[in-house]
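Me: Could you walk me through this model, one region at a time? I'd like the cut-offs spelled out as we go.

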Amino acid sequence: MTNAVEIKKLTITTKEKKLVDISFKIEESTALIGQSGSGKSLTLKSILNLLPSNLELKLEVDSDFELSSKTIGFIPQNPFTSLSPMTKIKEQFFCQKERKEKLFDLVGLDKKLLDRFPSQLSGGQLQRVVIAIALSNEIKLLLLDEPTTALDENSKKVILELIYKLQKELNFLTLFVTHDINSIIDVCKNIVIIKDGELIEKGNTIEILKEPKSSYTKELINSTFNNKEFRK
Ligand SMILES: Nc1ncnc2c1ncn2[C@@H]1O[C@H](COP(=O)(O)OP(=O)(O)OP(=O)(O)O)[C@@H](O)[C@H]1O
């Protein structure tokens, strides 16, 4: 099993104020949860080294692999806008033909779809394409930014199960960013809850759901958690 990535210190500041000041571990499958404006996207961007230039970053990481575009895969919020509409699918990811076909197989897509344009695929198929592209390299960490927001309930479930299966098969860490605890209880073993760029609570998903320590976590659970059974 790939070891954890420990974010020992992450601070993001503008000239005027501190936007994010947190520390957490990415172990197995971890969810970073917070409401709008809590600092989720900035945290992802800092791991991807894509922060806007007006922001200052201090990042101390302990990891047994280097964080780079070769070791990290990224699944954006909206598969419809993340692919170029005028380019065939096969030209939108950069690895050997055999690997593209193998990845399509892994994500449950017919390899004939490689020759199509994005507009010729369904939303669920496009989300699978985006997952295959994120796995082009043999990654050690997969970052997901609200990966199911653009999908209906049924496709959401299918895609989350696929990511869970791929993680077990290919043995990478995952960091799910979301505002919705409900969407990750089946797939994330650990959660990290942030508010206004600060850490509120972190730990095992089941334990936090059973016994949330902070009132903010209780609110988040009550607003999204509708007595759903969970399996971990
Ligand atoms: N380039 C920037 N310069 C100054 N402030 C910024 C910049 N980018 C983001 N912020 C501020 O930092 C805070 C956190 O933003 P961030 O985009 O990480 O939130 P988020 O949790 O991802 O929200 P959402 O769920 O709405 O995407 C917000 O208050 C935002 O206005």
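**Notes on the model**

Reply: Helix α5 is followed by asparagine 171, whose phi is positive, near 65 degrees. Helices here are DSSP runs of H or I of at least four residues, strands are runs of E of at least two, and both are numbered from the N terminus. This is a predicted model, in which local features need pLDDT of at least 70 and side-chain atom pairs count only at pLDDT 80 or more, while totals for chains, interfaces and linings use all residues. Residues are numbered from 1 along each chain as its sequence is written.

Me: ok, and what span does α5 reach, against what is expected?
Reply: Helix α5 covers residues 153-170, has 18 residues and reaches 26 Å from its first C-alpha to its last, close to the 26 Å expected at 1.5 Å a residue. The expected span is 1.5 Å times one less than the number of residues.

Me: which residues of α5 are buried?
Reply: Ile159, Leu160, Ile163 and Leu166 are buried in α5, where buried is taken as 20 or more other C-beta atoms within 10 Å of the residue's own, exposed as 12 or fewer, and partly exposed as in between, with C-beta atoms placed from the backbone. Seen down the axis of α5, the buried residues fall within an arc of 125 degrees, so they line one face of the helix; the arc is that of the directions from the helix axis to the C-beta atoms.

Me: and what's on the other side of α5?
Reply: There Glu153, Asn154, Glu161, Lys168 and Glu169 are exposed. The cover over the buried residues of α5 includes α3 (97-106), α4 (123-134) and β7, with contact meaning that two C-beta atoms, placed from the backbone, lie within 7 Å.

Me: switching to the ligand, which residues come nearest?
Reply: Of the 14 residues around the ligand, Ser36, Lys40, Ser41, Leu42 and Pro52 come nearest, a residue being near if its C-beta atom, placed from the backbone, lies within 6 Å of the molecule. Helix α1 (residues 40-47) supplies the largest share of that shell, three residues.

Me: how do β1 and β2 run?
Reply: The strands β1 and β2 run antiparallel and are joined by seven bridges, where pairing requires that DSSP finds at least two bridges between two strands. A hairpin of four residues joins β1 to β2, and glutamate 6 stands opposite lysine 25 in β2.

Me: where does glutamate 28 sit, then?
Reply: Glutamate 28 is in the loop between β2 and β3, and its phi is near 45 degrees, a positive value in a residue other than glycine. Most residues other than glycine have a negative phi. Glutamate 28 is partly exposed, with 16 other C-beta atoms within 10 Å.
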